[in-house]
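Here's a friendly walk through one protein model, for anyone meeting it for the first time. Have a look at the structure, and then we'll go through it piece by piece.

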Amino acid sequence: MNNIFGYTKEMLEEYFFNINQKKFKAIQIYDWLYKKNIYDFKLFSNIKKEVIDNLINDFSVDFIKIEKVLEGKDVKKFLFRLLDGEKIEAVLMKHNYGLSVCVSSQVGCNMGCRFCESGRLKKVRNLETYEIVEQILLIQKYINRRIDSVVLMGIGEPFDNYDNIIKFIKIINDAHGLAIGSRHITVSTCGLVPKIYEFSNLDLQVNLAISLHGATDEVRNKIMPVNKVYSISQLLTAIKDYIAKTNRRVTIEYVMLNMVNDKESDAYSLADILKGLNVYVNLIPYNETKNIEFSKSSKERITNFYNILVSKKINVTIRREFGGNIKAACGQLRSESD
Ligand code: SAH
(Lines give C-alpha, C1' and ligand atoms only; values in the text may rest on other atoms or scores of the structure.)
Protein backbone atom coordinates (compact mmCIF):
# COMPACT_ATOMS: atom_id res chain seq x y z
CA MET A 1 0.00 0.00 0.00
CA ASN A 2 1.20 3.52 -0.73
CA ASN A 3 2.34 5.64 2.14
CA ILE A 4 0.50 8.95 2.13
CA PHE A 5 3.66 10.89 3.01
CA GLY A 6 5.04 10.01 -0.41
CA TYR A 7 2.30 11.98 -2.17
CA THR A 8 2.77 15.48 -3.50
CA LYS A 9 -0.35 17.63 -3.43
CA GLU A 10 -0.65 17.26 -7.22
CA MET A 11 -0.56 13.47 -6.88
CA LEU A 12 -3.34 13.60 -4.29
CA GLU A 13 -5.37 15.91 -6.53
CA GLU A 14 -5.04 13.35 -9.29
CA TYR A 15 -6.08 10.61 -6.89
CA PHE A 16 -9.24 12.49 -5.93
CA PHE A 17 -9.97 13.31 -9.55
CA ASN A 18 -9.74 9.60 -10.37
CA ILE A 19 -12.24 8.66 -7.68
CA ASN A 20 -14.60 11.43 -8.80
CA GLN A 21 -13.98 13.72 -5.88
CA LYS A 22 -13.14 17.41 -5.84
CA LYS A 23 -9.47 18.25 -6.15
CA PHE A 24 -9.46 20.61 -3.17
CA LYS A 25 -9.74 17.58 -0.89
CA ALA A 26 -5.98 17.27 -1.40
CA ILE A 27 -5.52 20.56 0.43
CA GLN A 28 -7.77 19.39 3.26
CA ILE A 29 -5.74 16.21 3.61
CA TYR A 30 -2.49 18.16 3.58
CA ASP A 31 -3.91 20.39 6.30
CA TRP A 32 -4.64 17.44 8.55
CA LEU A 33 -1.30 15.79 7.97
CA TYR A 34 1.09 18.71 7.91
CA LYS A 35 -0.62 21.51 9.83
CA LYS A 36 -2.69 19.69 12.44
CA ASN A 37 -0.39 16.65 12.63
CA ILE A 38 -3.30 14.23 12.72
CA TYR A 39 -2.50 10.92 11.08
CA ASP A 40 -5.68 8.93 11.74
CA PHE A 41 -7.96 9.27 8.69
CA LYS A 42 -11.02 8.60 10.85
CA LEU A 43 -10.41 11.87 12.67
CA PHE A 44 -10.57 13.96 9.47
CA SER A 45 -13.85 15.55 10.51
CA ASN A 46 -14.45 17.63 7.39
CA ILE A 47 -14.18 14.62 5.08
CA LYS A 48 -17.15 12.39 4.21
CA LYS A 49 -17.21 8.82 5.55
CA GLU A 50 -17.20 7.41 2.03
CA VAL A 51 -13.99 9.28 1.17
CA ILE A 52 -12.38 8.31 4.46
CA ASP A 53 -13.05 4.68 3.57
CA ASN A 54 -11.25 5.27 0.29
CA LEU A 55 -8.26 6.73 2.11
CA ILE A 56 -8.15 3.83 4.53
CA ASN A 57 -8.19 1.36 1.64
CA ASP A 58 -5.65 3.13 -0.51
CA PHE A 59 -3.06 4.64 1.83
CA SER A 60 -0.94 3.69 4.79
CA VAL A 61 0.45 6.13 7.34
CA ASP A 62 3.19 3.89 8.67
CA PHE A 63 6.16 5.63 10.23
CA ILE A 64 9.83 4.80 10.25
CA LYS A 65 11.16 4.67 13.83
CA ILE A 66 13.65 6.69 15.79
CA GLU A 67 16.02 4.06 17.12
CA LYS A 68 18.55 6.26 18.85
CA VAL A 69 19.33 9.93 19.43
CA LEU A 70 22.83 11.19 20.20
CA GLU A 71 23.24 14.70 21.52
CA GLY A 72 26.16 17.09 21.11
CA LYS A 73 26.57 20.83 21.35
CA ASP A 74 23.94 22.43 19.09
CA VAL A 75 23.48 19.13 17.30
CA LYS A 76 21.47 15.93 17.58
CA LYS A 77 21.97 12.82 15.48
CA PHE A 78 18.98 10.58 14.83
CA LEU A 79 19.36 6.95 13.88
CA PHE A 80 16.22 5.70 12.14
CA ARG A 81 15.08 2.15 11.56
CA LEU A 82 13.07 1.73 8.36
CA LEU A 83 10.14 -0.64 8.11
CA ASP A 84 12.29 -3.31 6.41
CA GLY A 85 14.93 -3.04 9.17
CA GLU A 86 17.45 -0.93 7.21
CA LYS A 87 18.98 2.02 9.03
CA ILE A 88 19.75 5.61 8.11
CA GLU A 89 20.72 8.78 9.94
CA ALA A 90 19.69 12.44 9.97
CA VAL A 91 21.18 15.37 11.82
CA LEU A 92 19.51 18.36 13.48
CA MET A 93 21.63 21.49 13.81
CA LYS A 94 21.00 24.69 15.69
CA HIS A 95 22.35 27.76 13.91
CA ASN A 96 21.92 31.39 14.84
CA TYR A 97 19.50 31.63 11.89
CA GLY A 98 17.36 28.68 13.01
CA LEU A 99 17.10 24.91 13.01
CA SER A 100 18.22 22.86 10.08
CA VAL A 101 17.99 19.16 9.35
CA CYS A 102 20.34 17.16 7.16
CA VAL A 103 18.42 14.21 5.70
CA SER A 104 19.55 10.97 4.06
CA SER A 105 18.33 10.01 0.59
CA GLN A 106 19.57 6.42 0.26
CA VAL A 107 20.55 3.41 2.34
CA GLY A 108 24.29 3.36 1.62
CA CYS A 109 25.76 5.11 -1.40
CA ASN A 110 27.39 4.01 -4.66
CA MET A 111 29.44 7.09 -5.44
CA GLY A 112 32.52 5.75 -3.68
CA CYS A 113 34.13 9.07 -2.67
CA ARG A 114 37.30 7.83 -1.04
CA PHE A 115 37.23 10.13 1.99
CA CYS A 116 33.55 9.62 2.90
CA GLU A 117 32.30 7.21 5.51
CA SER A 118 28.71 7.17 4.24
CA GLY A 119 29.69 5.26 1.13
CA ARG A 120 31.47 2.41 2.89
CA LEU A 121 28.19 0.56 2.73
CA LYS A 122 27.27 0.24 -0.96
CA LYS A 123 23.81 1.38 -1.89
CA VAL A 124 21.24 -1.09 -0.61
CA ARG A 125 18.30 0.85 -1.99
CA ASN A 126 16.87 4.28 -2.60
CA LEU A 127 14.75 5.81 0.12
CA GLU A 128 11.08 6.13 -0.72
CA THR A 129 9.76 9.68 -0.65
CA TYR A 130 7.83 9.07 2.56
CA GLU A 131 10.99 7.85 4.29
CA ILE A 132 12.65 11.18 3.60
CA VAL A 133 9.59 13.23 4.60
CA GLU A 134 9.19 11.28 7.83
CA GLN A 135 12.75 12.07 8.92
CA ILE A 136 11.59 15.69 9.15
CA LEU A 137 8.19 14.92 10.71
CA LEU A 138 9.70 12.74 13.42
CA ILE A 139 12.43 15.21 14.29
CA GLN A 140 9.89 18.05 14.51
CA LYS A 141 7.76 15.93 16.79
CA TYR A 142 10.75 14.91 18.92
CA ILE A 143 11.82 18.50 19.58
CA ASN A 144 8.29 19.89 19.40
CA ARG A 145 9.43 22.68 17.09
CA ARG A 146 9.32 23.56 13.44
CA ILE A 147 12.36 23.05 11.25
CA ASP A 148 13.51 26.15 9.34
CA SER A 149 15.73 24.64 6.71
CA VAL A 150 16.59 21.31 5.13
CA VAL A 151 19.73 20.07 3.43
CA LEU A 152 19.89 16.87 1.39
CA MET A 153 23.41 16.11 2.55
CA GLY A 154 23.07 12.96 4.62
CA ILE A 155 23.75 9.42 3.46
CA GLY A 156 23.29 8.88 -0.26
CA GLU A 157 23.54 10.75 -3.54
CA PRO A 158 20.26 12.67 -3.97
CA PHE A 159 20.55 12.80 -7.77
CA ASP A 160 20.88 9.01 -7.82
CA ASN A 161 17.37 8.97 -6.32
CA TYR A 162 16.13 11.83 -8.44
CA ASP A 163 12.36 11.28 -8.71
CA ASN A 164 11.90 10.67 -5.00
CA ILE A 165 13.93 13.66 -3.85
CA ILE A 166 12.02 15.93 -6.23
CA LYS A 167 8.73 14.73 -4.72
CA PHE A 168 10.21 15.22 -1.25
CA ILE A 169 11.16 18.80 -2.08
CA LYS A 170 7.69 19.53 -3.45
CA ILE A 171 6.02 18.13 -0.32
CA ILE A 172 8.11 20.02 2.22
CA ASN A 173 8.00 23.20 0.14
CA ASP A 174 4.22 23.19 -0.39
CA ALA A 175 2.45 26.01 1.43
CA HIS A 176 -0.15 23.49 2.56
CA GLY A 177 2.58 20.97 3.41
CA LEU A 178 5.51 21.72 5.70
CA ALA A 179 5.87 25.14 4.04
CA ILE A 180 9.67 25.20 4.17
CA GLY A 181 10.68 27.98 1.79
CA SER A 182 12.59 26.99 -1.33
CA ARG A 183 15.47 29.28 -0.33
CA HIS A 184 15.75 27.17 2.81
CA ILE A 185 16.16 23.88 0.97
CA THR A 186 19.54 22.74 -0.41
CA VAL A 187 20.32 19.72 -2.58
CA SER A 188 23.91 18.58 -2.76
CA THR A 189 25.33 16.40 -5.52
CA CYS A 190 28.73 14.92 -6.23
CA GLY A 191 28.19 15.89 -9.85
CA LEU A 192 25.73 13.68 -11.76
CA VAL A 193 25.78 15.96 -14.79
CA PRO A 194 22.63 14.83 -16.67
CA LYS A 195 20.58 15.32 -13.52
CA ILE A 196 21.95 18.83 -13.05
CA TYR A 197 20.53 19.68 -16.50
CA GLU A 198 17.21 18.09 -15.62
CA PHE A 199 17.12 19.90 -12.31
CA SER A 200 17.76 23.29 -13.89
CA ASN A 201 14.63 22.89 -16.03
CA LEU A 202 12.37 22.38 -13.02
CA ASP A 203 12.51 25.91 -11.67
CA LEU A 204 12.16 24.82 -8.06
CA GLN A 205 14.13 27.80 -6.73
CA VAL A 206 15.93 25.67 -4.17
CA ASN A 207 19.68 25.89 -3.58
CA LEU A 208 22.09 23.63 -5.40
CA ALA A 209 25.43 22.63 -3.89
CA ILE A 210 28.14 20.78 -5.79
CA SER A 211 30.70 18.60 -4.02
CA LEU A 212 33.70 19.59 -6.10
CA HIS A 213 36.65 18.86 -3.78
CA GLY A 214 39.20 19.05 -6.55
CA ALA A 215 40.11 21.69 -9.13
CA THR A 216 41.82 19.43 -11.66
CA ASP A 217 40.80 16.07 -13.07
CA GLU A 218 44.04 14.65 -11.78
CA VAL A 219 43.17 15.43 -8.16
CA ARG A 220 39.44 14.78 -8.46
CA ASN A 221 39.89 11.42 -10.21
CA LYS A 222 41.90 10.21 -7.23
CA ILE A 223 39.27 11.01 -4.64
CA MET A 224 35.93 10.90 -6.48
CA PRO A 225 35.30 8.06 -8.95
CA VAL A 226 32.32 9.98 -10.39
CA ASN A 227 34.85 12.30 -12.03
CA LYS A 228 35.87 9.52 -14.40
CA VAL A 229 32.33 9.54 -15.72
CA TYR A 230 31.71 13.30 -15.67
CA SER A 231 34.89 15.35 -15.84
CA ILE A 232 35.37 18.76 -14.26
CA SER A 233 34.85 20.55 -17.57
CA GLN A 234 31.56 18.71 -18.18
CA LEU A 235 30.51 19.54 -14.63
CA LEU A 236 31.40 23.21 -15.03
CA THR A 237 29.43 23.42 -18.27
CA ALA A 238 26.40 22.00 -16.46
CA ILE A 239 26.85 24.45 -13.59
CA LYS A 240 27.06 27.37 -16.02
CA ASP A 241 23.89 26.19 -17.74
CA TYR A 242 22.15 25.91 -14.36
CA ILE A 243 23.17 29.43 -13.38
CA ALA A 244 22.11 30.84 -16.75
CA LYS A 245 18.71 29.16 -16.60
CA THR A 246 17.87 29.74 -12.94
CA ASN A 247 19.79 32.92 -12.23
CA ARG A 248 20.74 31.40 -8.90
CA ARG A 249 24.05 31.22 -7.12
CA VAL A 250 25.58 27.77 -6.74
CA THR A 251 27.47 26.58 -3.68
CA ILE A 252 30.76 24.82 -4.33
CA GLU A 253 31.73 22.47 -1.51
CA TYR A 254 35.42 21.80 -1.08
CA VAL A 255 36.55 19.47 1.69
CA MET A 256 40.10 20.29 2.81
CA LEU A 257 42.23 17.13 2.69
CA ASN A 258 45.76 17.53 3.95
CA MET A 259 48.33 17.44 1.13
CA VAL A 260 45.73 16.04 -1.27
CA ASN A 261 43.81 19.08 -2.51
CA ASP A 262 44.89 21.88 -0.18
CA LYS A 263 48.09 23.11 -1.84
CA GLU A 264 48.50 26.71 -2.99
CA SER A 265 48.47 25.53 -6.58
CA ASP A 266 45.07 23.89 -5.92
CA ALA A 267 43.71 27.20 -4.65
CA TYR A 268 44.91 28.99 -7.78
CA SER A 269 43.44 26.30 -10.05
CA LEU A 270 40.15 26.50 -8.18
CA ALA A 271 40.03 30.29 -8.52
CA ASP A 272 40.81 29.87 -12.19
CA ILE A 273 38.00 27.45 -13.03
CA LEU A 274 35.42 29.37 -10.98
CA LYS A 275 36.38 32.81 -12.22
CA GLY A 276 33.40 34.95 -13.20
CA LEU A 277 30.84 32.35 -12.11
CA ASN A 278 28.00 33.16 -9.73
CA VAL A 279 29.19 30.72 -7.06
CA TYR A 280 30.42 30.74 -3.54
CA VAL A 281 32.90 28.29 -2.17
CA ASN A 282 32.36 26.56 1.13
CA LEU A 283 35.63 25.18 2.50
CA ILE A 284 34.82 22.17 4.68
CA PRO A 285 37.33 21.16 7.34
CA TYR A 286 37.72 17.41 6.86
CA ASN A 287 36.10 15.35 9.59
CA GLU A 288 38.41 12.50 10.32
CA THR A 289 36.98 8.99 10.00
CA LYS A 290 38.29 5.47 10.41
CA ASN A 291 39.95 5.93 7.05
CA ILE A 292 43.57 6.72 7.83
CA GLU A 293 44.41 7.55 4.24
CA PHE A 294 43.19 11.13 4.70
CA SER A 295 43.80 13.72 7.35
CA LYS A 296 42.55 17.16 8.16
CA SER A 297 44.27 20.24 6.73
CA SER A 298 45.78 22.43 9.42
CA LYS A 299 44.11 25.76 10.29
CA GLU A 300 47.05 27.54 8.64
CA ARG A 301 46.67 25.65 5.39
CA ILE A 302 42.93 26.31 5.33
CA THR A 303 43.44 30.02 6.05
CA ASN A 304 46.10 30.26 3.39
CA PHE A 305 43.84 28.55 0.84
CA TYR A 306 40.99 30.85 1.85
CA ASN A 307 43.16 33.96 1.47
CA ILE A 308 44.24 32.98 -2.02
CA LEU A 309 40.62 32.58 -3.09
CA VAL A 310 39.74 35.95 -1.53
CA SER A 311 42.67 37.59 -3.35
CA LYS A 312 41.25 36.15 -6.58
CA LYS A 313 37.85 37.67 -5.78
CA ILE A 314 36.11 34.35 -5.21
CA ASN A 315 33.30 34.40 -2.61
CA VAL A 316 34.36 31.94 0.05
CA THR A 317 33.50 30.87 3.59
CA ILE A 318 34.89 28.24 5.93
CA ARG A 319 32.18 25.90 7.19
CA ARG A 320 31.53 25.81 10.88
CA GLU A 321 32.41 22.43 12.36
CA PHE A 322 29.53 20.48 13.82
CA GLY A 323 28.91 17.24 15.57
CA GLY A 324 32.33 15.61 15.31
CA ASN A 325 32.15 14.20 18.82
CA ILE A 326 28.98 12.25 18.08
CA LYS A 327 30.00 11.33 14.53
CA ALA A 328 27.25 13.53 13.15
CA ALA A 329 29.46 15.59 10.86
CA CYS A 330 29.62 15.59 7.04
CA GLY A 331 30.90 12.29 5.78
CA GLN A 332 30.56 10.55 9.12
CA LEU A 333 26.98 9.34 8.81
CA ARG A 334 26.52 5.62 8.44
CA SER A 335 23.82 3.17 7.60
CA GLU A 336 24.73 1.01 10.56
CA SER A 337 24.93 1.62 14.26
CA ASP A 338 28.13 0.59 15.95
N1 SAH B 1 26.21 12.73 -2.18
C2 SAH B 1 25.96 14.13 -2.05
C3 SAH B 1 25.36 14.47 -0.71
C4 SAH B 1 26.30 14.29 0.45
S5 SAH B 1 26.64 15.85 1.10
C6 SAH B 1 27.20 14.91 -2.33
O7 SAH B 1 28.25 14.30 -2.52
O8 SAH B 1 27.14 16.13 -2.43
C9 SAH B 1 27.93 15.53 2.22
C10 SAH B 1 29.11 16.41 1.95
O11 SAH B 1 30.15 16.12 2.90
C12 SAH B 1 29.70 16.17 0.58
O13 SAH B 1 30.21 17.38 0.08
C14 SAH B 1 30.83 15.24 0.92
O15 SAH B 1 31.80 15.18 -0.09
C16 SAH B 1 31.34 15.82 2.20
N17 SAH B 1 32.13 14.89 3.01
C18 SAH B 1 32.19 13.56 2.89
N19 SAH B 1 33.03 13.04 3.83
C20 SAH B 1 33.47 14.08 4.54
C21 SAH B 1 34.32 14.18 5.66
N22 SAH B 1 34.84 13.10 6.23
N23 SAH B 1 34.55 15.41 6.16
C24 SAH B 1 33.97 16.50 5.60
N25 SAH B 1 33.14 16.46 4.58
C26 SAH B 1 32.90 15.26 4.03
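Predicted model: local features only at pLDDT ≥ 70, side-chain atom pairs only at ≥ 80, totals over all residues.

Helix 6 (residues 193–200) packs against helix 8 (residues 232–246) at an angle of about 5°, and their axes are 9 Å apart. That's why helix 6 and helix 8 are roughly parallel to each other. Who does the touching? On the helix 6 side you'll find V193, I196, Y197, F199 and S200, and they meet Q234, L235, T237, A238, D241, Y242, K245 and T246 in helix 8. Sorted by class, this contact of helix 6 with helix 8 has seven nonpolar, four polar and two charged residues.

Ten strands make an open sheet with mixed pairing, and their order is 3-4-5-6-9-10-11-12-13-14. At the edges sit strand 3 and strand 14 (315–318), each of which pairs on one side only. From one strand to the next, the twist averages 20°.

Let's zoom in on the strand 3 end of that order. Strand 3 (residues 65–72) and strand 4 (residues 75–81) run antiparallel and are joined by seven bridges. Between them are two residues, making the pair a hairpin, and D74 in the turn has a positive phi of about 60°. I66 has F80 in strand 4 as its bridge partner. F80 also stands opposite I88 in strand 5. Strand 5 (residues 87–95) runs antiparallel to strand 4, again with seven bridges joining the two.

Finally, the ligand. There are 21 residues around the ligand, and S188, S211, H213, N287 and G331 come nearest. Here are some distances between protein atoms and ligand atoms:

| Residue | Protein atom | Ligand atom | Distance |
|---|---|---|---|
| G156 | backbone N or O | nitrogen | 3.1 Å |
| S211 | polar side-chain atom | oxygen | 2.6 Å |
| N287 | backbone N or O | nitrogen | 2.9 Å |

Conventions. Residues numbered from 1 in each chain as written. Heavy atoms only, no water. Pairing = 2+ DSSP bridges. Helix = DSSP H or I, 4+ residues; strand = E, 2+ residues; numbered from the N terminus. Axes fitted to C-alpha atoms, helices over the stretch in contact; angles between N-to-C directions. Parallel < 35°, antiparallel > 145°, perpendicular 65-115°, else oblique. Contact = heavy atoms within 4.5 Å. Nonpolar A, V, L, I, M, F, W, Y, C, P; charged D, E, K, R; others polar. Near = heavy atom within 4 Å. Polar contact = N/O pair within 3.5 Å; in protein donor to acceptor, adjacent residues only side chain to side chain.
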